[in-house]
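Q: Could you take a close look at one part of this structure for me, the sheet and what surrounds it? I'd also like to hear about the salt bridges.

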Amino acid sequence: MPISRRALAAAAVTALVLPLSACGSGGDDAGSTDASGKVEGDITFQTWNLRANFKDYFEGVIGDFEKKYPGTHVKWVDQPAEGYPDKISADAAGGTLPDVVNVAPDLVAPLAKAGLAMDLDKAAAKYKGEYLPGAWAGHQVPGLPGTYAFPWYLNTGPLFYNKTLFKQAGLDAEKPPKTYDELFTDALQLARKTDGKVATLANVPTIEDFGRYGSTLTNKEGTGFAFNDAKGVELLTKYKQLYDAKALDPQALTATPESTGKKFLTGAVAMNPGSALDLDNFKKQAPNLYKNIGITDQITSTGHVNMYVQGLMVNAKTKNTPAAVAFAHFVTDAEHQMSFAKKVAIFPSTAGSLNDPYFTKQDGTDETRVRIAAAKSLKTAVNYTPVQFSDQMKTALRNEVAKALQGKQSPKDALDNAVKACDRLLQQQG
């Protein structure tokens, strides 16, 4: 995935939709899940827009792997960010998927359903204990037994807030909101004190927000959605109150991560989620904001923050299962994840890695403070976005939320309609 200020903070992508002809068990040409044989032969490794910034790193990893396993050869291909899901869809339909593929959970779900993602609980069970439990579970698909990708890098981040705006509204800038009730109370006060000129938030609630609030997102079987429960309705009702009071930015209905970031930079919005990558941007583009930046934890009712996870999937039809599994594990083992994490503001998914001094020892800088806080929260973080929640579903939810905020329908009706739309789309996935 492209390593950029916003891409890592919002690692969701458009969903992959496989042609119906690709669905099934994989057929007679399916590869073996037995990875115990000799590691040898040629495999192809595909990444997601990483060559431009990390060419030397990946060439080094590949070279080390080929040296460790003589007789192997890894061909590295890197696809651009734009159109990546479509590229995977075309390769899946055409039988040309690489042996090891960089995926996000929502990309792996349809591949697993089509019999194209190898079950690592069978092929690589001995490695499971090397990863954080929440990360290993990140590429499991409801309704299917197994795990369908090695967890790779993770990301999460804090909430940033503008201390100057808090003070001007009569709020204690050293005591940011820690709960949703405090957040909504502070937001309404800030809007009232500024006559609606400064909003606290600039984003409408997404599926992960409903998860953090405590809504039950799906039924136990994963065959239908359930975020129209009492908690979901309560959250959307609160957002409607914020919207009416201009405590939620009026342009939130059409906001993008980039547009909300710009509003935060210019002081039009008092709080915004982000990551350690943002601090350098604040320093360069908004030095006055940087001098008055507040940093606090993600707000959650569950005790678990949201994390984004990337993975490496092994093609179930690979002709070189031992080599493909060994390479996917090699790239994602503790040593290589740690070295990658020191090159960019991401976090390893391997157990114990987050106890490294790099993620625990303060040096007085805000960048390190954010990194340490994020690393600590990741140990128990979860990916709230259901793997089957496609881009079409995200759009359906956003559209219904917008109608509720505009007063065109009640929060309950909006979420009922969103669940119905998402359930229909889920059935179409097969």
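A: Let's start with pairing: two strands pair if DSSP finds at least two bridges between them. Helices (H or I, at least four residues) and strands (E, at least two) are DSSP runs, numbered from the N terminus. Before going on, note that this is a predicted model, where local features need pLDDT of at least 70 and side-chain atom pairs count only at pLDDT 80 or more, while totals for chains, interfaces and linings use all residues. Residues are numbered from 1 along each chain as its sequence is written, and side-chain values use heavy atoms, leaving out hydrogens and water.

Now the sheet. It is open, with five strands in the order S2-S1-S3-S8-S4 and mixed pairing. S2 (72-79) and S4 (150-155) sit at the edges with a single partner strand each, so one side of each has no neighbour in the sheet. On average, neighbouring strands are turned by 20 degrees against each other, direction ignored. Axes here are lines fitted to C-alpha atoms, for helices over the stretch in contact, with angles running from 0 to 180 degrees between N-to-C directions.

Zoom in on S4: four bridges join S4 to S8 (residues 308-314), and the two run antiparallel. In that pairing, proline 151 stands opposite glycine 311 of S8. Helix H13 (residues 321-332) lies across S1 (41-48), S2, S3 (100-103), S4 and S8, at about 25 degrees to S4. Contact means heavy atoms within 4.5 Å.

On to the salt bridges, of which the structure holds 14. Each is a side-chain nitrogen of Lys or Arg within 4 Å of a carboxyl oxygen of Asp or Glu. For exposure, buried means under 20% relative accessible area, exposed over 50%, and partly exposed in between (1.4 Å probe, protein chains only).

In helix H1 (residues 51-68), lysine 55 and glutamate 59 are four residues apart, about one helical turn, and their closest N and O atoms are 3.1 Å apart. Lysine 55 is partly exposed at 39%, and glutamate 59 is partly exposed at 37%.

Helix H11 (residues 276-285) holds aspartate 280 and lysine 284, again four residues apart, with a salt bridge at 3.0 Å, N to O. Aspartate 280 is partly exposed at 37%, whereas lysine 284 is exposed at 63%.

Then there's helix H17 (residues 411-428), with lysine 412 and aspartate 416 about one turn apart and bridged at 2.8 Å, N to O. Lysine 412 is partly exposed at 38%, but aspartate 416 is buried at 18%. Elsewhere, salt bridges with shared partners join Glu208, Asp209 and Arg212 into one network.
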